[in-house]
Each structure stands twice: as structure tokens, then as C-alpha cells.
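Subject: Structure handover

Hello,

Here is the structure I said I would pass on. My notes on it follow below.

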Amino acid sequence: MAIPAARVLTPPRVSARRRQAGTPYLYLLPSLVFLAAFTYLPLATATGLSAVRWNVLTPEPVFVGLDNYRALAGDPLFWLVLRNNLLYAVGTIPTTMALALGAALLVNQPLGRLRAVYRVGLFYPTMVPMVAAAMLWVWLFNPGIGLVNHYLGYLGVPRVEWLYDRHWALPAIIIMSIWKHFGYFMLIFLAGLQSIPAELHEAAAIEGASAWRRFRHVTLPLLGPALLFVFVVAIISSFQVFDQVYVMTQGGPADQTNVLIFFIWQHAFRFWDLGMGAALTTLFVAGLLVTVGVVFRGVGRRVYYEVEG
Amino acid sequence: MRTGSRLGVHLGLIALTGVTVTPYLWLLSTSLKERTAVFTPTPQWLPWPVNFGNYVEVFQRAPFGLYLVNTLIVVSGILAVQLVTITLAAYVFARRRFPGRELLFGAFLLQMMIPIHATFVPNFLTLRTLDLLNTRLAMMLPFFASGYGTFLLRQAFRTVPRDLEDAAVLDGCGGLRFLWHVLLPLTRPTLVAFGLISLVSHWNDYLWPLIVTDTPDVRTLTIGLGMFVQQESGADWTLLMAATAFVTAPLMVIFLIFQRRFVESFMTSGLKG
Amino acid sequence: MRTRSMLAVVLLGMLALAGSGAVLAQGKLIRLTFYYPVGVAGPLAKVIGDMTDQFNKQEAGRIEVVPVYSGDYDPTLQKVQTAVMAGNPPDVFIVEISELHTLLAMNAIVPLDEHVKKAEGGRYWEDFFPAFRENSVVGGKIWWIPFQRSTPVLYWNKEAFRKAGLDPEKPPRSWDELREYAKRLTVRDGSEVKQWGVTISGGWHDWLFEAFVRQNGGWLINAEGTKANFTSKEAVEALEFWVDLLNQEKVGPPHSTWASTPPDFVAGRTAMLYHSTGILTFLKNSAKFDFGVAFMPARKSYGAEVGGGNLAISRKIPKERQEAAWRFIEWMTSAENAAKWSIASGYVATRASAYDRPEMKVHVEKNPEYLVARDQLKFASAKMMAPNYQKIREILKKQLDDAVDGRVNPKDALDTVQRQVMAVIKR
């Protein structure tokens with residue numbers, strides 16, 4: 001087969017000559033300085049605070065060990081919030097990724113001057129500041145006067161009450177989030193596609209491979225690194241969702257749109273329950289770390305990295 | 001490409017773009033409406049009479065020109081430093097093997113995972129210690145390292161053929177020179193994508209800039225925009241839309257300029273070697 | 001050449017700064033930071049800027065207030081909390097009135113009794129409307145001063161009333177009338193609602209629910225914030241009335257969001273609307289039809305409670321700064337400025353004598369609907385106040401929503417609230 005094979009990643013070979021350019025740690029140092037000051041310090045603070053009770057009724061912190069975590073485990077609202085967030089993740093991640101990949105494949109074609117128009121149009125939603133975008137969508141989703149129901153009506157879809165309905169509020173936020181975020185991922189895929197040598201496609205086309213086979217056997221394997229990146233980032237950002245919920249529903253109706261970061265924000269600022277907020281924060285980061293670790297071990301191993309030139 | 005399939009691609013894109021830009025067109029239309037013409041029983045697309053007064057009023061409410069300058073300084077400052085930090089870090093994560101590599105990489109990803117609200121008080125304290133409150137630098141410092149960017153670039157670096165590096169090393173072009181002369185040119189589309197994403201995200205940062213700055217001379221566009229959303233009454237809808245159109249316009253120009261860099265960059269960057 | 005002229009500019013600038021510094025040092029100028037939110041539509045940041053400018057002019061050389069726009073209520077609270085925790089508090093600030101217990105737990109503010117007693121020859125505090133005063137007092141001390149205050153009211157669309165054959169000048173006065181009118185005002189096209197009879201705006205519906213309980217002669221939490229009373233007959237009846245309206249008769253949307261119901265009203269999608277006085281200016285600017293503002297309908301009596309933001313002074317600042325901050329607060333809340341702020345913002349003026357001022361008289365004569373909220377204050381009292389109020393609020397909202405959806409009956413819903421609330425307020 002003339003299609004060059006992609007090769008499974010093996011750890012980069014190390015040669016003595018490469019080492020001479022300085023120790024790897026030196027390269028990491030600039031980043032680590034800033035990460036230490038602005039990420040690890042707050043994280044350590046939160047982990048420490050998670051072991052105290054410190055709230056409106058307890059103005060001075062009191063050491064309570066794992067009590068905050070125990071209280072969370074026994075709080076049905078915590079589990080509802082977790083469920084909501086998982087639904088949100090399941091609702092957003094596959095759709096966003098599929099749309100982003102599809103759009104990237106399309107706008108990577110030679111389309112003349114219109115290509116720039118499409119790219120701007122598809123990336124536009126990510127440019128709108130979240131406060132404004134969320135307010136705009138409150139209006140678009142308004143059951144009586146919003147554009148969404150107006151146009152769905154033309155398609156014969158029965159009226160949906162969206163944010164005014166406990167069952168539809170979360171889907172509404174999911175739809176809005178897909179609209180807002182797929183442009184980011186489209187851009188990543190576009191960059192990945194650009195890095196695939198055109199010769200590979202040409203060679204495959206000469207071989208008589210169909211468009212689908214070329215996608216399946218050339219494009220997709222070579223997009224592996226980008227796909228892994230997007231998957232991991234999509235998981236993390238689906239658990240970071242906050243602004244939409246804050247502006248559009250405040251977690252309602254009946255906590256049906258309450259998600260983890262909103263829950264954390266409620267505890268840390270609105271309820272002024274610092275210990276509980278810190279415990280939630282710690283759990284949140286630990287949970288994400290484990291999830292991402294599992295993804296790397298599972299999916300990450302199967303990603304093809306380098307091209308044999 | 002055959003004409004038939006090209007038409008299909010256009011149709012698909014028109015449909016998709018149509019859906020994504022409708023909210024934008026609606027926003028533009030609203031920004032040109034009189035207040036009494038905004039909320040109608042059925043949507044009215046044409047603003048009539050056309051009212052440019054909303055834009056005028058937006059500029060009277062807050063010094064948006066100054067905010068634009070500050071925003072440009074902040075986002076380009078962040079991006080400039082990020083490009084250095086992520087390139088160096090991504091290079092060793094992608095190309096070197098050293099004890100603790102996986103662990104350190106995980107530690108970089110922590111930056112994306114920490115809830116931003118948990119960082120406010122400690123970071124405010126740090127900036128106060130550095131005597132940097134109410135400065136543009138205060139809005140930039142926490143973002144000078146980027147786990148996101150490091151991860152993205154690491155993935156891109158890993159796709160570059162190893163034989164290329166071996167050849168380069170034989171030519172005496174290892175380490176930083178290899179990074180500069182080979183890796184970066186070959187991954188330019190990814191750098192462009194990262195640049196755009198970084199610019200856009202920090203352009204839209206809201207809560208941190210609001211908390212860490214006090215005076216208009218350092219504040220950014222989104223803080224001005226926030227003035228048109230109110231918890232008690234909802235929003236100044238027409239002004240919010242006009243302000244949003246203004247705030248996003250420079251981003252669109254930046255995007256239009258940079259997206260050209262995507263076009264066939266790989267072909268010209270010379271992977272023939 | 002270029003560098004040299006740059007250098008010259010920099011040097012000049014430094015000289016100018018040094019010069020002004022010298023002048024200020026003579027009068028020992030106190031520069032105060034003042035965080036404030038903008039809670040309702042309108043050019044209010046400008047108004048605050050003008051007011052502080054005027055104060056600064058008057059106090060030239062002594063006090064200079066630097067107003068810091070701090071976003072909406074929530075971001076402002078977050079900014080205050082962050083600054084206080086990091087030991088860099090604003091000298092004076094406005095946050096939403098329900099946050100008092102949080103501020104007390106943070107040890108963030110000082111009581112103002114001494115100042116209040118001496119102000120305006122001792123007649124200062126009595127001049128504030130009693131309902132506005134109540135949310136200032138905890139443990140017998142006055143902690144902050146009412147500034148931008150609101151209360152819920154009922155808006156009605158006169159045109160919709162006319163079309164439904166109702167007298168457009170007569171809003172419902174009682175719950176029964178409300179239900180009756182709402183039924184007649186609800187317009188359906190098949191199963192689709194074209195116009196709701198009444199919308200009880202969501203988001204802050206816990207606040208509106210409290211008003212319904214008061215109208216029925218009940219209360220939810222005692223003034224000291226130590227006892228909850230959610231299972232009273234009055235409260236259960238109020239929730240039963242909601243369920244009746246929104247679930248049985250279906251004359252209003254079961255849920256909604258605070259930001260999207262004013263547009264519903266303006267577009268004619270709801271004929272009556274429960275919302276804050278804070279949207280009156282927005283409605284006047286946006287609605288093409290005639291509408292009215294009324295007291296919320298009564299059951300046993302009229303009833304309402306208050307909302308909005310108060311002015312407070314930080315604890316962890318030097319005494320002389322606190323004194324200066326008080327001068328500023330006293331000035332900002334003078335009858336003259338209370339009137340000025342009310343006219344500019346649409347908030348209810350906090351003091352009775354503000355309504356005697358000539359400019360206010362002209363204003364309300366032209367816009368009599370602004371007086372409704374003030375008159376309703378006679379029947380109003382404090383917004384419920386307790387440590388952990390914000391948690392109580394979320395507990396209540398959840399059960400209200402479940403009850404309105406018919407998932408739990410009103411009695412059981414409020415039993416749950418009572419149980420959970422007692423758990424979060426007991427020490």
C-alpha cells in the first residue's frame with residue numbers, strides 16, 4: 001500500500017547529543033514559576049481549607065478533618081449537581097467534537113473567497129463575551145418571543161418552554177454551549193488538518209481510495225493528536241461550565257441546571273462557606289485529574305503520533 | 001474537487017454558518033433599534049427607524065476607546081509571554097525523556113482544572129504583595145503560563161517526524177535551534193490557532209479583571225460591557241447589543257487577518273527535506 | 001530625538017505628580033475607595049460619578065472619594081469579599097441587603113450607631129422609611145444605611161385589560177380578583193399560550209413568595225433570624241394559591257427567569273407581571289402600550305418586603321478613614337441626594353422628606369407611577385434576614401419549584417423547607 005503508514009508512538013529516543021542543549025527542567029522553569037504562584041498556591045490553599053469549618057456560623061476556622069467531605073457525600077443536592085454536570089458533559093462533548101470536526105473538514109476545502117466568510121461565521125460565537133452571549137440566549141430561548149421557538153415553529157416543532165421548564169432548561173444550556181464552543185475546537189482541527197501533507201492525500205487519491213477511505217485511513221489517524229487534545233480539553237471545559245448557568249438560570253428551576261462550578265461558587269461566595277467550597281474545589285480537581293489520567297491511559301495509548309517522512 | 005460535491009460543501013456550510021450567525025445578525029439588528037421596537041410579539045428583523053443612537057450612548061456611558069487600548073495591551077502581553085513559555089515546555093514534553101515527565105505534564109494540566117473562583121483570594125493576595133493591584137500586569141500575570149497551550153503544542157510537536165530531528169542533530173542543529181528553525185515553522189498552523197484562542201479568551205475575561213482593577217485607566221472592554229447587564233432589571237438590551245457588536249468587531253478583524261495563515265502553510269514551510 | 005522628548009514628557013509628568021502631591025499633603029487629603037454595583041438599567045455609573053465629584057469638590061483638600069464600578073450585585077460582593085480577605089478592603093461600599101450576615105461573619109464592617117445618633121441633629125434615622133431601616137439592624141446595632149432600595153410591585157397592561165373586557169384602570173386588589181383576571185387575560189391558541197394572565201417572575205421568586213405570605217398575614221423567619229415559620233397555615237395557603245394559579249388554572253408560566261419576564265411584558269406575552277420597582281424605567285422606555293403599577297394584590301392585607309443595596313463602612317481601616325467615609329455616606333443619603341438618586345435611577349427614595357423636595361414633587365407629578373412603591377411601603381417590612389440566608393433562599397426556591405410542578409404538595413414542600421432551614425440556622 002502506498003499510503004504511508006503512521007506509527008504508534010514510542011518514547012522519543014534520547015541521545016547524548018540532545019542532552020547538551022540543557023536540562024529539560026530548565027525549559028519548564030518559566031512556566032513553573034507562574035504555575036507555582038498562580039495555580040499551585042491557590043490549590044494548596046483550597047486543599048488546606050477543605051479540612052476546616054469556616055462559614056457564616058463559624059467565623060473563625062475550626063479544624064474538622066474530613067467532615068466537609070463526609071457532609072458532601074451525604075448531601076443529595078451534591079449528587080444531583082454531579083448528575084446534572086454529567087448530563088451536560090454527555091450532551092456537549094460528542095456533539096461539539098463532531099460539529100467541530102465536520103466544520104473543519106468543510107472549511108479546509110478550497111472554497112474561494114467565501115472560505116474566510118465561513119470561517120468567521122463559524123468562529124464568531126466563541127468571540128462573543130459570555131455575559132453578552134448568555135443574555136442574548138435568554139432572549140433567543142424566550143418561549144413566547146424568542147427566535148428559537150419562532151423558527152422551530154416553521155419546522156413544525158411543537159413549542160418548547162426552554163428555560164421556563166424544568167426538563168428543558170439544561171438542554172437549552174447545552175445547545176447554547178455547543179454554539180458557543182465548537183468554534184474553538186474547529187480551529188484546533190483546522191490546524192491539525194493543515195499539518196497533514198497534501199502528498200498523502202494525493203497518493204491515496206491516485207491509488208483510487210474513496211473520500212471516506214481517505215478520511216478513515218489518512219486524515220483520522222493523522223488527526224489523532226489533535227483529537228486527543230480536543231477530547232481532553234472538552235472534558236475539562238464541560239466541567240468548568242459556569243457563566244451560562246449563572247446568567248441564564250442561576251441553577252434553576254429546582255436545581256435542574258445546577259452544575260459543579262456553580263455549586264462551588266455558591267458555597268465559596270454566596271453562602272460564604274469557605275471550608276465546604278474548598279472541599280468541593282479539591283474534589284473537583286482530583287476528580288478531573290483522575291478522569292484525564294484514565295483518558296490518557298485508555299485513548300491516549302492508541303493515538304498515532306509521528307509521520308514517517 | 002468536482003462541481004457537484006463543491007456545491008454540496010457550500011450548501012452544508014451555508015446551513016451551518018446560517019445557524020451560527022443568526023444570533024449575531026439579531027444582535028446587530030437590535031443594536032440599531034429604538035427601545036420601543038425591541039420586544040415584539042413576533043421577531044422583527046429590520047430595524048426601523050434605524051437608530052444609531054445606541055452606539056453613541058454606549059460611548060457616553062464608559063470610555064470604550066481607552067478600554068480597547070487596555071484590552072489590546074493585556075491580550076497581546078499575555079500571548080507574547082505565553083508563546084515563549086509554552087514553546088519551551090511543549091518542546092521538552094514532546095521531545096525529551098526525563099524523570100517525572102508524566103507527573104509534571106499532569107501538573108501543567110492542573111491549571112485548566114482549578115476552578116477560577118478558588119484562585120481569586122490567593123492570587124489577589126499575591127498581587128497585593130507584589131504591589132501590582134490595579135495594573136494591567138495584574139490581569140496578565142496569572143496567565144503567563146498556559147497548560148492549555150503547552151498541551152496543544154506538545155501534540156503538534158509530536159507529529160513532526162523524528163527523522164527530521166535526527167538529521168538536524170547530525171547537522172549540528174539540536175536543541176533550541178531545532179525548535180526555532182524546524183519545529184516552530186512546521187507547526188505554524190497550531191501556533192496560529194493557539195494565538196487566536198488565547199487572544200479571544202483573554203479578550204473576554206471578566207471577573208478577574210473586575211476584581212483586580214479599580215480605575216478606568218487600566219480596565220478592559222468586558223468591564224464596560226458588564227455595565228449593560230443588571231441583576232435587578234435584566235439589561236439595557238439595545239445598548240448591550242451595540243456594545244457587544246463593538247467589543248467583538250476588533251476580534252473579527254484579527255481573526256480575518258490571522259486565518260489567512262492557515263492557508264496551505266504546511267506546503268510552503270518545506271517538509272520536503 | 002524621540003527618546004529625549006519621551007524623557008521630557010515623563011519628567012514633566014513626574015513633576016506634575018510631585019506638585020499635586022505636595023498640595024494634597026498640606027490638607028492631609030484622605031482618599032477613599034468606594035465600590036458600587038449597578039443594579040438597574042440606566043446611566044447610573046455616570047450619576048454616581050457626578051455625585052462623588054460634587055462631594056469631592058465640596059470636601060476639596062480633605063476627602064476624595066474614588067468611585068469604583070464593581071459590576072452587578074454578585075460580582076460586587078465577590079470583589080468586596082476578595083479585597084477584605086486579602087486585607088485590602090474598600091473604605092465604603094454598597095452590596096445587596098441580604099449579605100449583612102455574611103459581612104458580619106467576615107467581621108468586615110463597623111456599626112454606625114454613634115454617627116447615626118448625631119447626624120442631622122438626631123432626626124436622620126427616623127426619616128428613613130421603617131421598612132428600609134429594618135434590614136440594617138442586627139443585635140440592636142445599625143450596620144449600614146439604605147441607599148438604592150426597591151420593592152416588588154404588580155405591573156398591568158391596560159390594553160390587554162381592555163381587550164379582555166376588564167376595566168383598564170382597575171388592577172386586581174385581592175388574590176381572588178387576581179385569579180379571576182388572570183383567567184380572563186390568558187389567551188390560548190389550541191394548546192399554545194399566546195398571552196399569560198400573570199407572570200410571577202422566577203429567579204427571585206422566593207422574594208415574591210415572601211410577599212404573598214405577608215399578604216396572608218404570615219411571616220417566614222423572625223427578625224433575629226433564629227426561628228423559621230415555613231409551615232404556618234398562612235405560608236401553606238400562599239403556596240397553594242401559587243399551585244392553583246400556575247399548575248391548576250395554568251394562567252402563568254410555572255418558571256421563568258428574572259431577566260426575561262420584563263421583555264415578556266413589553267411584548268404583550270403576559271398581561272400582568274410581578275417584578276421589582278427597579279424595572280419601571282425600563283418598562284416606560286420600552287413599552288408601546290399603556291400600563292399601570294399597582295400594589296401587589298391583598299389577601300388579609302396588602303403586603304410587601306424590600307430589596308436593594310445599602311452603604312457600609314469597612315472595619316479594618318483607620319479611624320480617620322471611617323470618619324471620612326461616614327461624612328460621605330451622610331452626604332450621599334441626605335434628603336436632597338436621596339431625591340436626586342431616586343429621580344435618576346427609578347429606585348424608591350429612602351427617606352420620607354425626600355418626597356417633600358421641590359424637584360421630587362415635579363418628578364412624581366409627571367410620573368405618578370413612581371409613587372406606588374413608596375405608598376406600598378406602609379404595608380412592607382424587612383426582607384427575611386438570617387445567618388445563612390442565601391442557603392435558606394436556595395432551599396426555599398427548590399421546594400417552591402417542585403410544588404409548582406406538582407411533584408410535591410404544598411404542605412410537604414414547606415415541611416421540607418422548615419426542616420432544612422432549621423438545620424442551617426441553629427448554632
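Chain C has a radius of gyration of 24 Å, which agrees with the value near 22 Å that a compact globule of 427 residues would have. The radius is taken over C-alpha atoms, and the globule rule is 2.2 Å times the number of residues to the power 0.38. The C-alpha trace of chain C spans about 80 × 50 × 50 Å along its principal axes.

This is a predicted model: local features need pLDDT of at least 70 and side-chain atom pairs count only at pLDDT 80 or more, while totals for chains, interfaces and linings use all residues. Residues are numbered from 1 along each chain as its sequence is written, and chains are lettered from A and ligands numbered from 1 in the order in which they are written.

Chain C

The secondary structure of chain C comes to 18 helices and 14 strands. Helices (H or I, at least four residues) and strands (E, at least two) are DSSP runs, numbered from the N terminus. Of the 427 residues, 56% count as buried; a residue is buried if 20 or more other C-beta atoms lie within 10 Å of its own, exposed if 12 or fewer, and partly exposed in between, with C-beta atoms placed from the backbone. Among contacts in chain C between residues at least 6 apart in sequence, 74% join residues at least 24 apart. Two residues are in contact if their C-beta atoms, placed from the backbone, lie within 7 Å.

Helix α9 (residues 205-215) of chain C has 10 of its 11 residues buried, among them H205(C), W207(C) and R214(C). Just after α9(C), G217(C) takes a positive phi of about 85°.

The axes of α9(C) and helix α10 (residues 233-248) of chain C come within 8 Å and cross at roughly 120°. Axes are lines fitted to C-alpha atoms, for helices over the stretch in contact, and angles run from 0 to 180 degrees between N-to-C directions. α9(C) and α10(C) are therefore oblique to each other (angles under 35 degrees count as roughly parallel, over 145 as roughly antiparallel, 65 to 115 as roughly perpendicular and the rest as oblique). On the α9(C) side the contact is made by F209(C), F212(C) and V213(C), and on the α10(C) side by E234(C), A235(C), A238(C) and F241(C). By class, this contact has 6 nonpolar, no polar and 1 charged residues. Ala, Val, Leu, Ile, Met, Phe, Trp, Tyr, Cys and Pro count as nonpolar, Asp, Glu, Lys and Arg as charged, and the others, Gly among them, as polar.

Q420(C) is placed in helix α18 (residues 410-425) of chain C. Q420(C) counts as buried because it has 20 C-beta neighbours inside 10 Å.

Chain C against chain B

In this interface, 37 residues of chain C are in contact with 27 residues of chain B. Elements giving two or more residues to the chain C side include α2 (44-58), β2 (63-69) and α3 (73-85). α3(C) gives the most, with 7 residues. The side of chain C that touches chain B has 19 nonpolar, 13 polar and 5 charged residues.

Chain A

Chain A has 14 helices and 4 strands, and 51% of its 309 residues count as buried. Its C-alpha trace spans about 75 × 65 × 30 Å along the principal axes. In helix α6 (residues 130-140) of chain A, 10 of the 11 residues are buried, including M135(A), W137(A) and W139(A).

Regards
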